[in-house]
Amino acid sequence: MERMPDLVDDLLRLENVELLLAFGEHAAAAAARATRTVPIVFFNAYLPVECGLVDSYAKPGRNCTGTSWNTGPEVMAKRLEYLRAVAPSATRLVNLGADTRNFTLSGEPLPEHALSAAFAAVRALGFDLVRLVVRRIEDVGPVLAEAIAARAQVVSIGGEQFNGAVPLVVDTALRQRWITATNHRSLFDAGLLLYHGPSDADFKYTFERGLQMADRILRGARPADIPVELPSRQEFALNLRAARALGLTLPQSLLLRADRVIE
């Protein structure tokens, strides 16, 4: 991630760059910091308005547009509700996430008000919240150690750096008997308990729509005039193997709500 700005500069030094495609919020922010003139189409960027990439979803107003995961505070709040249903008596919630300085246009942390709905859900559900962030993949091990020291019971994990340390994350979670949720498929498929994030259909759709936007721009359209698009639904999945390893019996009502269950 720390190499991203240099990689963008390398691309912009090429002759006749007409468009940049940026996957994820880190790449989108690095591209937007590097140029205010070359059009940028981002794929699956997190909270692009709050991060400063666009003025609004309907009217981006800048040289950026694209698709955005609908993973804002309201979706985070729903993930916490699922965790509470699995762990009705747990109190200590640790959120392991990316340092939001990595994906804001200003390089400053995401404003606290942008996450106010999630914080309200934490309080309403009776959790005590500990927030820990990673900036580089090398931070993952020390941050997991901090979560252990914080006596984590329930752990929500998100951030691309964690995808580079999947075995370490999953092994630590199972050994510590953490009740876990994530919005990253690689972590869930490797053994975390709960997934709540974009569906396969939406994942495919975001790429199709992003490439269609790129085509429109190369034909003369302005990114400022092309609305940012959001996926239409979230998928909720449960891993019964992880539940058995943790000695958990998942509520039947929760199993019936799941879109997918790994046996």
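Helix 9 covers residues 200-218, and its 19 residues should span 27 Å at 1.5 Å a residue; the end C-alpha atoms sit 28 Å apart, which agrees. The expected span here is 1.5 Å times one less than the number of residues. Helices (H or I, at least four residues) and strands (E, at least two) are DSSP runs, numbered from the N terminus. This is a predicted model, where local features need pLDDT of at least 70 and side-chain atom pairs count only at pLDDT 80 or more, while totals for chains, interfaces and linings use all residues. Residues are numbered from 1 along each chain as its sequence is written, and side-chain values use heavy atoms, with hydrogens and water left out.

Now look at which way helix 9 faces. Asp202, Thr206, Gly210, Met213, Ala214 and Ile217 are its buried residues. Seen down the helix axis, these buried residues fall within an arc of 120°, so they line one face of helix 9. That arc is taken over the directions from the helix axis to the C-beta atoms. Buried means under 20% relative accessible area, exposed over 50%, and partly exposed in between (1.4 Å probe, protein chains only). Turned away from the buried side of helix 9 is a face with the exposed residues Asp200, Ala201, Lys204 and Leu218. And what sits over the buried residues? The cover includes strand 1 (20-23), strand 2 (40-46) and strand 3 (64-69). Just after helix 9, Gly220 takes a positive phi of about 120°.

Next, strand 9. Six of the six residues in this strand (residues 234-239) are buried, so strand 9 is largely enclosed by the rest of the structure. Gln234, Phe236 and Leu238 point one way, Glu235, Ala237 and Asn239 point the other way, and all are buried. On the pairing side, strand 8 (residues 194-198) is joined to strand 9 by five bridges, and the two run antiparallel. Strand 10 (residues 260-262) is joined to strand 9 by three bridges, and this pair runs parallel. Two strands count as paired if DSSP finds at least two bridges between them.

A couple of single residues are worth a stop. His184 lies in the loop between strand 7 (179-182) and helix 8 (185-190). With a relative accessible area of 15%, His184 is buried. Not counting residues up to four places away in sequence, His184 touches Gly158, Gly159, Glu160, Asn163 and Tyr195; contact means heavy atoms within 4.5 Å. Ala34, by contrast, belongs to helix 2 (residues 24-34) and counts as partly exposed at 35% relative accessibility. Leaving aside neighbours within four places in sequence, Ala34 is in contact with Val8, Asp9 and Leu12. Ala34 and Leu105 are 71 residues apart in sequence, yet 9.8 Å apart in space, C-alpha to C-alpha.

Finally, zoom out to the chain. Its secondary structure comes to 11 helices and 10 strands. For 263 residues, a compact globule would have a radius of gyration near 18 Å; the chain has 19 Å, which agrees. That radius is taken over C-alpha atoms, and the globule rule is 2.2 Å times the number of residues to the power 0.38. Along the principal axes, the C-alpha atoms fill a box of roughly 60 × 35 × 30 Å. Buried residues make up 51% of the 263. Of the contacts with a separation of 6 or more, 67% come from residues 24 or more positions apart.
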